[in-house]
Amino acid sequence: MRTVAALVVTILALWQGVIWLAGMPPFLLPSPLAVADALWINRAEIARHAGFTLAEVVLGFTLGSALGAALAVAMGFSQKLTGVLRPILTFSQTIPVFALAPILTLWLGFGMAPKIAMTVLIVFFPVASAFLDGLMRTPQAALDLAQVMGAGRTRIMRHLRIPAALPSLATGLRLAAVYAPIGAVIGEWVGGARGLGALMIHANGRMKTDLVFAALLVLSVMTVIFARLVAIALHRLLRRYGV
Amino acid sequence: MTAAASVRGRAWVGEAPLFAPVELVLELGGWTCLLGPSGVGKSTILRLIAGLETGARFEGEVVRNCPVALMAQDPGLIPWLDVTGNVTLGARLRGSLGASSVSKYPGGRRSGPIEGPLRRGAKPPAAPAARAAHLIEAVGLADRTHHLPANLSGGQRQRTALARTLFEDRPLVLLDEPFSALDARTRAQMQDLAARLLDDRTVLLVTHDPAEAARLGDRILLLRETGLNEWPRPDPRPKGAARPYDAPEVLALQAELMRGMMA
């Protein structure tokens, strides 16, 4: 904790130092105090936008995780399906999500839908990929036993493969929780007037750089808290299952 | 008497032959020890009988006339299930946990001359949970029923695996070097326990330990690169027990088997 505090103070000092020494104008680089000021003055507006972004993140993360997990289980069942889907999934990740944002806005309008869709797109891949990895690495001794015991594929999946893969799923979810807000913000940049991304674009256009920084700060803190909450929830869940 | 299982044929790994043509017929009843050094395909033969993936190319015929249970060197315990959960794993995986389990083969659930609640003639309980509790007691883990595998010793893990194998209640039991990773004393204790609890079942024990074969084999088969040889039948084993590890004739048989493996 002390290290973190020292780090924050050092960064703030350097930040302020650069402004003093280089004489940067506030519209290029606002001082830490100016950002704090902007944060306080616009707190209601920022909170409202943050609420929208948070809702998109939570919904997109939930949907994307469910989609990714379901896809992993389906692929875990069928080698053939894995053979078909894996290259498609990899290919889907080569398309930059930035390029998709305008198209999604075109298709889904200016509301929450395209932002959630962007978040889903960002979230589902790490989740599906990590979970599938875990599903394919069930200890062979347990699989042999299950086969000799006359277990069906569905029960092996439910009682052996999925529980054994939960730590891998958790790894994917923790990673996805950090990336999820990126999807939402990219969506907000492209269209619509709500959310921290939209606020940043709007403020940037009016040279209110201090407000951009304030929104960015709130976004970072929100992401850290969200990722931390997801990690804690997963830790508890895994401990309850004993895996 | 019909055979419990048989394997006739040969196997390759890639282009290299794994074992020369073998003919192994497993008769009903008694312990058959398949003895041999590592890498000659003992486990492959066992896995063929179990109907498992072997990683080798097999050409020939595998016949199995009765259901099997499997116990291997890796006990394959499920880390998030306690001892009871692991023992009843088969019922869970077949979706029959909670339902009263009916023996799946005629004449099944035979109990040998076992001390305590599993004594011959005593009717084992029918409900899976009660049956599991009795078996856990029989392997000496009554005070460990709610322990997770991580909190058990190597010997206790194999005891759990043995109880799980007994819970399966199959006439043919395949043992794939189940005691190889144990220390000498624990191994001898497990051999005694297995001989007692698996009496009256047909057992195929794959082992690389001549001492183990000398203690447990009613019939000993030696598998080498050159092929499969039937060892002369040793003197009968005491009923429901392993031969004493320190008896002169057991030590002599062990030495002979060792010579056979070196030849």
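Chain B is divided into domain 1 (1–66 + 172–263) and domain 2 (79–170), with bounds that come from an automatic or database domain assignment. The model is a predicted one, in which local features need pLDDT of at least 70 and side-chain atom pairs count only at pLDDT 80 or more, while totals for chains, interfaces and linings use all residues. Residues are numbered from 1 along each chain as its sequence is written, and chains are lettered from A and ligands numbered from 1 in the order in which they are written.

The contact between the two domains takes 17 residues from domain 1 of chain B and 14 residues from domain 2 of chain B; here, two residues are in contact if their C-beta atoms, placed from the backbone, lie within 7 Å. On the domain 1 side, strand E6 (172–176) and helix H6 (184–197) of chain B each supply at least two residues. Helices (H or I, at least four residues) and strands (E, at least two) are DSSP runs, numbered from the N terminus. H6(B) gives the most to this side, with 6 residues. By class, the side of domain 1 that touches domain 2 has 11 nonpolar, 2 polar and 4 charged residues, where Ala, Val, Leu, Ile, Met, Phe, Trp, Tyr, Cys and Pro count as nonpolar, Asp, Glu, Lys and Arg as charged, and the others, Gly among them, as polar.

The buried residues of H6(B) are B:Arg187, B:Met190, B:Gln191, B:Ala194, B:Ala195 and B:Leu197, and they pack against helix H4 (128–138), helix H5 (154–168) and helix H7 (210–216) of chain B. A residue is buried if 20 or more other C-beta atoms lie within 10 Å of its own, exposed if 12 or fewer, and partly exposed in between, with C-beta atoms placed from the backbone.

Chain B also holds an open sheet of 6 strands in the order E5-E6-E7-E3-E8-E9, with mixed pairing; two strands pair if DSSP finds at least two bridges between them. Strand E5 (68–72) and strand E9 (227–230) are the edge strands, each pairing on one side only. E5(B) is mostly covered, as 5 of its 5 residues are buried. From this strand, B:Val68, B:Leu70 and B:Ala72 point one way and B:Ala69 and B:Met71 the other way. Elsewhere in the sheet, strand E3 (residues 30–35) runs parallel to strand E8 (residues 219–224), and 4 bridges join them; B:Cys33 has B:Ile220 in E8(B) as its bridge partner.

Turning to the pair of chains, 18 residues of chain A are in contact with 18 residues of chain B. Helix H7 (140–148) and helix H8 (153–190) of chain A each supply at least two residues of the chain A side, and the largest share, 7 residues, comes from H7(A). The chain A residues that touch chain B divide into 12 nonpolar, 4 polar and 2 charged.

Within chain A, A:Val73 is found in helix H3 (residues 43–77). With 18 C-beta neighbours inside 10 Å, A:Val73 counts as partly exposed. A:Val73 and A:Phe131 are 58 residues apart in sequence and 8.0 Å apart in space, C-alpha to C-alpha.
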